[in-house]
Amino acid sequence: MSSSSAASKSFHRSDRNHIPHGHSLSSSSSSSLSKSVDGTLSVRNKSMAPPPRRSATPNPRPRSRDDDGAEPARVRVAIRVRPKTSEEEADFTDCVELQPELKRLKLIKNNWNSESYRFDELFSETASQRRVYEVVAKPVVESVLNGFNGTVMAYGQTGTGKTYTIGRLGKEDVSERGIIVRALEDIIASTSGSSDIVEVSYLQLYLESVQDLLAPERTNIPIVEDHKTGEVTLPGASVVKIQDVDHFLQVLQLGESNRQVANTRMNTESSRSHAIFMIYVRRSIHEKEENHSVSGEKRHTDLMGEHGIPTVHKSKMLIVDLAGSERLNKSGSEGHLVEETKFINLSLTSLGKCINALAENSPHIPTRDSKLTRLLRDSFGGSARTSLIVTISPSSRHLAETTSTIMFGQRTMKVMNMVKLKEEFDYESYCRKLGNEMEHLTAEVDRQQKARDNMKIEMEIKLKECQKFYSDTERSLIMRSEFLEKENALLETEMKAIVNELIHVKDHNVFMHNEVDRLETSLNQSKQQELEHLAYQQVLADTIQMYETKISDLMNQLSGECTRSECSEAQLDVMKKQEYDHQRSMQNYQVEISSYQKALADTTQLYEKKIKDLEHQLNDMHAQCGGMDKEIDIAETHLHEQQNSMQLQRQEEFDELKVKLQEIHGLHEMTIDELESLRHEYNALLVEKASLKDDICGMKHDLQVEESKRKAVETELLKFKKLVPGTDDDFEDKILDMNENSSKPLGLHKSKQSREIIFGQRATIAKLCEEVGLEKILHLLSSCDLDVQIHAVKMVANLAAEDDNQEKIVAEGGLDALLMLLQTSENTTILRVASGAVANLAMNEMNQNLIMSKGGGPLLAMTSSKTNDPQTLRMVAGAIANLCGNEKLHVKLVEDGTIKSLLGMVRSGNNDVIAQVARGLANFSKCESRGIIKGHRKGRSLLMGDGALTWLIANNTTTSTVPAPTRRHIELALCHLAQNEDNAKDFIYSGGVKELERISNESTREDIRSLAKKTLNMSPVFKVQILRAS
């Protein structure tokens, strides 16, 4: 507790150095929350209201009859004793004895020692709520209505009836209404709705943070003190203007539904915050009506007269319901409730110090040590009329707490307040009248100014129209120019395409000309062949003529030979004479002639054959020439047809080329557009590639740096492993410490020496974390070395057990690393310790939302399914039980199968695991019942679909074998589930009504018996079922 006190003092010192300055509540403009025609509420916050004009509404200065007109008034203290429970009636004796006629209380410490104390009023167990109000609070209410500040506060041990005395709504029984409701009823009845204003604020001080119960989103509201007047204001709090009693009851019920409560051994609905209900009353004392028909000068004179300004009383009343002081060994607070208890006790300790200082007339009052004492600065030692009602238990079981409470009341009776009248001039009405006169005087000036303004506006409109026309014209010309430039570029592109097309056509024409030249060459060759045939015929004719000439020559020779023959015959005749002489020569001559004749006959025959052959050849040449003429005619005809077909083909090809050219032109435009888009994409890809390249280089560099850091941290951790005291079991004990507290009373599971060892080891780990750094330790969770990984996760789990470290672990990515270990690791130790770390982090509502958003529920369910280790299952069940305490996560827990896996963990048969399962079901059902009471949840319980009710009833019947903490959670879960009317059929069919009846009679806890009885009485279905069973 010493470390907690030191931390608290440091927080107070930081608050002291950062207190803003502001205006008091009475001087700020009133804010209202009122019903509109359709019934909705309208809220106007003080901090959001426009500041008053300094020249018209000066800050109201409190006016009293004189500066010394304050009268002293002592704080009145009354004692109220609550009735004893059945458990206290049977096991404990009374420690107090009331003497109402003497207004004295006798405190019995033992059989031979007692002390007597005197108080302003004593109330026994049978005192009614009305009598308590009339004696304690009504004088304060009447004082507030007369213009004085007032305070009514309830102080006492938890579970002694403070909230019942102060904030009881009394819906079912009007006689049970508390001080708040009765005070507002009297105030509303004593004020006028037309001229008086009644406003309220409802705040709670939770974990040393001021929160608005009427607007839960407003937290950590600052406290502002006026150094001149000493008044304390809360500029961020919402203020509601009350219209009638019904409206006030709606506002009060809204605030009560947002207040922090919890289930403890001392009280099933224990207040976990200090509730402060503020009432602001503004009453008009004097209001002078002005005659609006008189002139402005006379009206101004009347307003400035001595009695022209009305007077108002502005008073404030605080009704404070303090959270009860408690001891952990009696309340059984666990987990986050321990932190709440610490802050409650610290603030009450600060209040006690202030009361002691005031009672002893100390020169220094430590009001700035706590936000509670700062808020109550005017109530004790200030200018308010204060009444304190002290609630105590008559049982000797709580003798120490009762003694401390009575001593607090005795010291409070010594505190003196200087009560002052809060009377002010109503400058607001005065300013409204002056404003009306000013508006009347300025109306004519406004009318004269209006014509000139209208003319100016018309000229400005015309000027704007001209400027707009000029800009539109300029814009259209620019657009036209851009369009023409685009058209020009398009025409240039089309001309280029046409030129390319013409070049293509020219090439085709050249090809056709070449074809024509080739055909002409072929034709010339044909003609040349024809000429060669003609020449050949000429040669043949010349040859024939030559042969004919030769033949004629031969004929001539023959004829000459014939002539010579005739001459020879003549000579023969002549020579006959010489025949004798020449007979032998003649015979040779005849032989030669016969040979010549023979040779001539052969030559003639040969020439005749040759002539016949030549004639045959000549005929053949004539026939060949006739065939060649036909071929030439056919060639000419074919050439003509080919020229016609080629001309037609060229025309068709030209048309086809024209169509293709148009298609190619369209494709060319599309290709240009695609090319341009591809070019842009390519440039973008180049830029992206360059950026990715830079990112990859940076990531490589970061990875290298992280790798070097990781290796360095691993080396340091291996060095420091020898410095960490304790074995692996010690580390597991430290991790399990939180979940041990969830099922066992504080101080029973370990000896004092063991706890000191654990605290020393945690201090060593915290020191090691400061030296190495949390970021490096979290990096070790991904180490390849299993031993290093186990030590790292144990250090993180130990750090997560402290609330101050949880935010740092989540911010550095520790939660992600732990969930990754649950998903990937198969090591039992890592799974057990990581689950314990997640369970520690799940104690915080913000962390609970993060765990579920990152898939923590399914991962915990998966972990429970792949292990049978009881300790690991206990850690997983504890984490899920903490998540069940958040109503916003219920649907997701059921849909993900997390609740089903929680029920499945009872297979282990381990009592600690079953205790965590029962705690989770109790948290789940309690949140559901709270949502039904607040009205934002309806329908059958989500637990009914997974067989939770069957398991609860089955385990509740075996009370002899079930440990007490587990039985308590099971009984609470059944009671809260039964409060939902949609679950009534399930309870009837499964025998749950019978179990509820047994709990109401046989439960060892008085609060649980009362809760079960209340549940049975509230349900008509259960009543009918009980009557049928009986």
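This is a short tour of a predicted model, stop by stop.

Residues are numbered from 1 along each chain as its sequence is written, and side-chain values use heavy atoms, with hydrogens and water left out. In this predicted model, local features need pLDDT of at least 70 and side-chain atom pairs count only at pLDDT 80 or more, while totals for chains, interfaces and linings use all residues.

**Stop 1: a sheet and a helix**

Select β5 (96-99) and β7 (113-118), the edge strands, each pairing on one side only. With β6 they form an open sheet of 3 strands in the order β5-β6-β7, paired antiparallel. Helices (H or I, at least four residues) and strands (E, at least two) are DSSP runs, numbered from the N terminus; two strands pair if DSSP finds at least two bridges between them. On average, neighbouring strands of this sheet are turned by 20 degrees against each other, direction ignored.

Look for Leu105, opposite Tyr117 in β7. Then show helix α11 (residues 399-412), which packs on the sheet and touches β5, β6 and β7; contact means heavy atoms within 4.5 Å. The direction of α11 makes about 145 degrees with that of β6. Axes are lines fitted to C-alpha atoms, for helices over the stretch in contact, and angles run from 0 to 180 degrees between N-to-C directions.

**Stop 2: the loop at Arg177**

Move to the loop between α4 (162-167) and α5 (179-190), where Arg177 lies. Arg177 counts as buried because its relative accessibility is 15% (buried means under 20% relative accessible area, exposed over 50%, partly exposed in between; 1.4 Å probe, protein chains only). Leaving aside residues up to four places away in sequence, Arg177 touches Gln129, Arg168, Leu169, Gly170, Arg182, Glu185 and Leu249.

**Stop 3: a hairpin**

Select β10 (residues 197-206) with β11, an antiparallel pair with 4 bridges. Leu203 stands opposite Asp212 in β11. The hairpin has 2 residues between the strands, and Leu207 takes a positive phi near 55 degrees. From β11 (residues 209-212), Ser209 and Gln211 point one way, Val210 and Asp212 the other, and all are buried.

**Stop 4: two helices**

Finally, select α23 (residues 870-883) and α26 (residues 911-934), whose axes come within 8 Å and cross at roughly 10 degrees. That makes α23 roughly parallel to α26 (angles under 35 degrees count as roughly parallel, over 145 as roughly antiparallel, 65 to 115 as roughly perpendicular and the rest as oblique). Residues to display include Leu873 and Ala877 in α23, and Val913 and Val917 in α26.
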